[in-house]
Amino acid sequence: MVPTMVSFFRRKKPAAAVVPAADAVPGPRYDIDALAAAFPAVPAPAPATGIPVVADVPATDPRDGGASATVAPPGTPAGDAAADAGPAGWRERLRGSGFARSLGGLFSRHPKLDDDLLDEIETALLTADVGVAATTQLVDDLRKRMRAREFADASALLAGLRAQLVALLAPVAIPLRVDAAARPFVLLTVGVNGVGKTTTIGKLARRFKDQGHSLMLAAGDTFRAAAVAQLQAWGERNGVPVVAQGQNADAASVAFDALQAAQARGIEILIADTAGRLHTQQGLMAELGKIRRVLGKLDPAAPHEVLMVIDGTTGQNALSQLRQFHAAVGVTGLVVTKLDGTAKGGVVFALAREFGIPIRYAGIGERPEDLRVFDAGAFVDALLPSSLGD
């Protein structure tokens, strides 16, 4: 038994079968030129301590023989069309919002004028992020008017609610006015991470450029990877010079250099980007105050506009965000973005009631043209039908 077991364990494993070269699957082979074309070299970022880069870019695309380049946000599919102009475009983009879904069919389902209808309206407003304070104000006023027999039916109550919503937003629907006496008019953009500040800057650059203004961009978001490159891409598409330093450079230094360059060139508008930051990060919030103070050394009135970009999908958290940013840097205008997606939209009313800060623009799509001057009437008309039959 023992010799048999020893011979068993000493038995060699069979050699692995070798696949003939003729049976192997031939892999693709590339020469050096093909690999270089497939993987172009990425330019190294400028050093943080170096001289700021002011990139002057042409407004034309040389591939089109010098014709004007079509401006589109980076990453936007070529087939995406801008929303229609006027109220029709607002209705097209906002009809799927949480506010429209909550209130759009409510009056058709409950045409009877009674307290149950008011209770449903209250629930729908709260669900749509209008907020407790604004909802209570709206419903209490409707209840008083209903008991005073001001409404003949549910259609009249619907008209009353629409009028209330417009009246709530009308005082803050104030377009941005560029002071021609300021050279340059400095616009500082702030907001938390991921709200679309850099994209909003690109769309504003397109708008101002189309209006005939000369402008310059300052790539102050030196923290997020590729933020500088993203803003430079917007500058290239719009034919706008961009002042930039390397990643992790001092944002206040970038803003200072950009303002100096804009003053030297007689630029009309300077838009400065900043890194996104949570409103609870006190150190980063203090940095915004530093940027404002540094700009004030060159122009005591700068920045002339502090534009906070708010994500429309944020909900009631937008109130605490705005409260902290306003305390840190003095917000003078708002841009509410992403209203065309899953946003409920009601937070706009809560912001208007609590702060009264002008809402300059609303984002209802991906195209540059979809950054609309905020229109209280068009906004409410898109969220609520004008009659029970709509």
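Does Arg206 count as buried or exposed, and at what relative accessibility? Arg206 counts as buried, at 18% relative accessibility; buried means under 20% relative accessible area, exposed over 50%, and partly exposed in between (1.4 Å probe, protein chains only). This is a predicted model, in which local features need pLDDT of at least 70 and side-chain atom pairs count only at pLDDT 80 or more, while totals for chains, interfaces and linings use all residues. Residues are numbered from 1 along each chain as its sequence is written, and side-chain values use heavy atoms, with hydrogens and water left out.

**Salt bridges**
- The count comes to 11 salt bridges, each a side-chain nitrogen of Lys or Arg within 4 Å of a carboxyl oxygen of Asp or Glu.
- Arg206 pairs with Glu369, with the closest N and O atoms 3.4 Å apart.
- That pair links distant parts of the chain: Arg206 sits in helix H9 (residues 197-210), Glu369 in the loop between strands E8 (359-363) and E9, 163 residues apart.
- Helices (H or I, at least four residues) and strands (E, at least two) are DSSP runs, numbered from the N terminus.
- Glu369 is partly exposed, at 36% relative accessible area.
- Arg360 bridges to Glu305, with the closest N and O atoms 2.9 Å apart.
- Arg360 lies in strand E8 and Glu305 in strand E6 (residues 305-311), so the pair ties together parts 55 residues apart in sequence.
- Both Arg360 and Glu305 are buried.
- Asp119, Asp140 and Arg143 are linked in a salt-bridge network.

**Aromatic pairs**
- There are four aromatic pairs; rings of Phe, Tyr and Trp (its six-membered ring) pair if their centres lie within 6.5 Å, and planes under 30 degrees apart count as stacked, over 60 as edge-to-face and the rest as tilted.
- Trp90 and Phe374 have ring centres 6.4 Å apart and planes at 75°, so this pair is edge-to-face.
- Phe374 and Phe379 have ring centres 5.5 Å apart and planes at 50°, so this pair is tilted.
- Trp90 and Phe374 are buried, and Phe379 is buried too.
- Ring pairs join Trp90, Phe349, Phe374 and Phe379 into a cluster.

**Helix contact**
- Leu117, Leu118 and Ile121 in H6 meet Ala154, Leu157 and Leu161 in H8; contact means heavy atoms within 4.5 Å.
- The residues of this contact divide into six nonpolar, no polar and no charged; Ala, Val, Leu, Ile, Met, Phe, Trp, Tyr, Cys and Pro count as nonpolar, Asp, Glu, Lys and Arg as charged, and the others, Gly among them, as polar.
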